[in-house]
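Biologist: Can you walk me through this protein? Keep it simple, please.

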Amino acid sequence: MASRLGIKAFLTFGAGWFANSAFNEYVGRKSKSPESLVIDGRIVDKRPALPLFGVVSAATPYDTSSGTDVASRVGQIMQFGFPSLDNIRSFDDYVLSYDRRNRVANWVFEHLTPDGVKHNEAVDRSKCDFKEDLSIHPYFRSTNDDYKGSGYDRGHLAAAGNHKGHQKHCEQTFLLSNMAPQVGRGFNRDSWNRLERHVRKLTKTHPNVYVCTGPLYLSQKEANGKSYVKYEVIGKNMVAVPTHFFKVVVAEDANKNFMMESYVMPNSVISDDTPLTSFMVKPELVEKLSGLLFFDRVSRDKLQFINGKKA
């Protein structure tokens, strides 16, 4: 019996050692440090090894304690359905689903109201700092160093200008889990900003505006006639640079009727004279491209307009 246990233990340890050795051989070591490996000529530190024993703990939940009832607020924001249920993170005034592989959100959901977007002397954006989201495990988290020198902006998905009800609400939009690498001049600071302002303007005629925003990684046909999905990654943590972004909006008027708008914009320089309507697409197309379902709890008999046309 003892010899059998010894053989079993040896085989278990040996299999684990062999798998770990094979993995290290495959990616190629550039450093003797057991926590470093090389991918595309870059040293990636603190990788998760193939464990023989033990487990990696889950991320610590983000502290969303405040004067508001967060659970109730999440219910308001998400009352028309979750696009997906992957790695959900809820904050005081928005909800997101996080993509741990790409280090950006799958989607971010917001509920805008006239009071929440109006100017508030008590909210100062200049006091907000870009910070790591400590609710994300360090293996899957983006950092400010990833963006440094990349040539990309830390682009908000939930726009800071949408959350002026409380200083903390605005500050939480600066968590890096709410960011994605965006082309700066010509996109994030211009056309994307125009779209964000347009959505806020809807609150002047609609007391409730619901917004879902996220990245897309779209294919492109090359000279050989085949289509490929290719995108850049930045920083030590290899944060994915989306090829496009989507925004799907549902606005509810005082009579409980709805209108919907959906947009897909390329993550590239866009001329200022390009109208936002040129980026409108059918909501079903965004669902197919993203693998998400939007506003499936909105009663279709209450949906009066889609992209400005009668539904």
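Modeller: Here is a quick tour, from the whole chain down to single residues.

Modeller: This is a predicted model, where local features need pLDDT of at least 70, side-chain atom pairs count only at pLDDT 80 or more, and totals for chains, interfaces and linings use all residues. Residues are numbered from 1 along each chain as its sequence is written, and side-chain values use heavy atoms, with hydrogens and water left out.

Biologist: How many helices and strands does the protein have?

Modeller: Eight helices and 16 strands. Helices (H or I, at least four residues) and strands (E, at least two) are DSSP runs, numbered from the N terminus.

Biologist: What share of the residues is buried?

Modeller: Of the 311 residues, 45% are buried. Buried means under 20% relative accessible area, exposed means over 50%, and partly exposed is in between (1.4 Å probe, protein chains only).

Biologist: And the surface?

Modeller: The accessible surface comes to about 17000 Å², and 54% of that belongs to carbon and sulfur atoms. Accessible areas come from the Shrake-Rupley method with a 1.4 Å probe; for residues, only the protein chains shown count as cover.

Biologist: Let's talk sheets. What is the strand order in the open sheet of eight strands?

Modeller: The order is E3-E4-E5-E8-E13-E14-E15-E16, with mixed pairing. Two strands pair if DSSP finds at least two bridges between them.

Biologist: Which strands stand at the edges?

Modeller: E3 and E16 (309-310) do. Each has a single partner strand, so one side of each is left without a neighbour in the sheet.

Biologist: In which sense do E5 and E8 pair, parallel or antiparallel?

Modeller: Antiparallel, over five bridges.

Biologist: Now the inside. Which residues touch the most other members of the largest nonpolar core?

Modeller: Tyr94, Val108, Phe187, Leu195, Val199, Val209 and Met265, out of 38 residues in that core. Strands E4 (94-99), E5 (104-112), E7 (179-183), E8 (208-216), E13 (244-252) and E14 (258-266), plus helix H7 (191-201), each supply at least two residues of this core. The largest share, four residues, comes from E5. Apart from this core lies another, of 25 residues, among them Val74, Met78, Tyr210 and Phe295. A nonpolar core is a set of buried Ala, Val, Leu, Ile, Met, Phe, Trp, Tyr and Cys residues joined through side-chain atoms within 4.5 Å.

Biologist: Pick one of those residues for me.

Modeller: Take valine 209, in strand E8. Valine 209 is buried, with a relative accessible area of 0%. Leaving aside neighbours within four places in sequence, valine 209 is in contact (heavy atoms within 4.5 Å) with Glu110, His111, Leu112, Val199, Leu202, Thr203, Val249, Val250 and Ala251.

Biologist: What about arginine 297, is that buried or exposed?

Modeller: Exposed, with a relative accessible area of 59%. Arginine 297 sits in the loop between helix H8 (283-290) and strand E15 (303-306). Arginine 297 and glutamine 79 are 218 residues apart along the chain, yet their C-alpha atoms are separated by 7.7 Å. Beyond four places in sequence, arginine 297 is in contact with Gln79, Phe80 and Gly81.

Biologist: Switching to charges. How many salt bridges does the structure hold?

Modeller: Seven. A salt bridge is a side-chain nitrogen of Lys or Arg within 4 Å of a carboxyl oxygen of Asp or Glu. In one of them, the side chains of arginine 73 and aspartate 93 meet at 2.9 Å, N to O. That pair links helix H2 to the loop between E3 and E4, 20 residues apart.

Biologist: Are those two buried or exposed?

Modeller: Both arginine 73 and aspartate 93 are buried.

Biologist: Last one. Which residues form the nonpolar patch on the surface?

Modeller: Phe82, Leu85 and Ile88, with about 270 Å² of accessible area together. Patches are made of residues with over 30% relative accessible area and no salt bridge: like charges are joined within 9 Å, nonpolar side chains (Val, Leu, Ile, Met, Phe, Trp, Tyr) within 5 Å. Phenylalanine 82 lies in the loop between helix H2 (70-77) and strand E3 (88-90), and is partly exposed at 33%.
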